[in-house]
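Subject: The structure, and what I found in it

Hi there,

Here is the structure I wanted to hand over. Have a look at it first, and then read on for my notes.

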Amino acid sequence: MPRVRILWLVVALLLGGCGSTERYATLVLDFTPNAVHAGIYAALAHGDDRAQGVDLHVVAPSASTDSIKLLETGRANFAILDLHDLAIARQQGEPIMAIMAIVERPLAAVIAAPQIHDPRQLQGRTVGVTGVPSDTAVLRSIVAGSGGDPAAVKQVVIGYDAVPDLIAGRVAAVTSFWNDEGVTLQRRDPGVHIFRVDQFGAPSYPELVLCATSSSLRADPALARSVVRALVAGYRLALADPAAAAASLESRVAGLDPKLVSAELAVLRPAFAGPDGRVGELNLARLRSWATWETRFGIVRRVPDVATMFDLEFLSAAR
């Protein structure tokens, strides 16, 4: 049986659970569990979901497209989505809305070999990209933001082999995430340079957001409010006690390297809170700046309609 069908079956069984006074809800992650999800697992470990009357089940996707598929088919209540993926889904007519920020800053970056001290030095060199549309946008934005010519940079699709390809010298730089591959690469070679996209002209947008379909939010707003409250509590704990949040994650996800989790969480913690220090914040002014940037660099064809794409009601109820 294909892996996606197995995942759908598991989710369906979870959604159909009974015999408890708590309500079941399923949350699909954007990727395999890692430090960015520490607040979610902290909420589970400390019973924040049950305190809100929800039995929250977290599912790791088997492919990057699973999250949207499971939302669309009603097999999941909520999903963590990359903001670019949400914009693309909305452009394709999918009625998915964001109701909470998980990470308040862009995680995208260009990670370069030690001899590359400035993104302008990538002109005439080869940069490895995964092949997703946002990679090219991030690379172009960073090079242009440093005063260089993005058209002078050569690109090669390397998939998700950023770490081995950069270490082996097959490319001069890679597009990746500073909180994940960036930490791994700097542990192996402290000389590598990380150019974050928001340090070179991109607005400070929330990279990951909690999403649900418009119809599910209309049908059961109370469930969404309960889940948002639980996750806000979990990420507040991750900010206040990162060691406890890391332990919660490691106890529920087998095979994680505790040293790597701690290193990633150390650089991520500031990104768990917005400029005002609050968890989950969705700032409409910053999101409008992001929408303009998203279109300028070709991730989507039309400027995303921020007013209909984000719903701040559920986050307000968690304050």
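The buried residues of H12 are covered by, among others, H2, helix H8 (181–188) and H11. Helices (H or I, at least four residues) and strands (E, at least two) are DSSP runs, numbered from the N terminus.

Before going further, please keep in mind that this is a predicted model, where local features need pLDDT of at least 70 and side-chain atom pairs count only at pLDDT 80 or more, while totals for chains, interfaces and linings use all residues. Residues are numbered from 1 along each chain as its sequence is written, and side-chain values use heavy atoms, with hydrogens and water left out.

Which residues of H12 are buried? They are Val261, Glu264, Leu265 and Leu268, where buried means under 20% relative accessible area, exposed means over 50%, and partly exposed is in between (1.4 Å probe, protein chains only). These four sit on the same side of H12, because they cover an arc of only 100° around the axis. The arc is that of the directions from the helix axis to the C-beta atoms. Lys259 and Ala266 are exposed, on the face of H12 turned away from its buried side.

**The nonpolar cores**

The largest nonpolar core has 49 residues, and Phe78, Met100, Leu210, Val227, Val228 and Leu231 have the most contacts inside it. Helix H10 (residues 221–240) gives the most to this core, with nine residues. Apart from it lies another core, of 46 residues, which includes Ala98, Leu122, Ala137 and Cys211. By nonpolar core I mean a set of buried Ala, Val, Leu, Ile, Met, Phe, Trp, Tyr and Cys residues joined through side-chain atoms within 4.5 Å.

Valine 227 is worth a look on your screen. This residue lies in helix H10 and counts as buried, at 1% relative accessibility. Not counting residues up to four places away in sequence, valine 227 touches Ala25, Val54, Leu56, Phe78 and Leu210.

Leaving aside neighbours within four places in sequence, serine 226 is in contact with Gln52 and Val54. Serine 214 is in helix H9 (residues 214–219) and counts as buried at 13% relative accessibility. Pro95, Ile96 and Met97 are what serine 214 touches, not counting residues up to four places away in sequence.

Glycine 148 lies in the loop between helix H6 (133–145) and strand E7 (154–157). Is glycine 148 buried or exposed? Glycine 148 is buried, with a relative accessible area of 13%. Leaving aside neighbours within four places in sequence, glycine 148 is in contact with Arg120, Gln123 and Val143.

**A pocket**

Finally, the second largest pocket holds about 160 Å³ of space. Its lining includes Phe31, Pro33, Asp180 and Leu256, as well as Val261 and Glu264. By class, the lining has six nonpolar, two polar and three charged residues.Pockets are found on a 1 Å grid over the protein atoms alone: a pocket is an open set of points with protein on both sides within 12 Å along at least five of seven lines, and lining residues have an atom within 4 Å of a point. Grid points are joined across faces, edges and corners, and the volume is the space filled by probe spheres set on the points. For the classes, Ala, Val, Leu, Ile, Met, Phe, Trp, Tyr, Cys and Pro count as nonpolar, Asp, Glu, Lys and Arg as charged, and the others, Gly among them, as polar.

Best wishes

Notes: 1 Å grid on protein atoms, 1.4 Å probe; cavity = no way out; pocket = protein on both sides within 12 Å on 5 of 7 lines; lining within 4 Å. Contact = heavy atoms within 4.5 Å.
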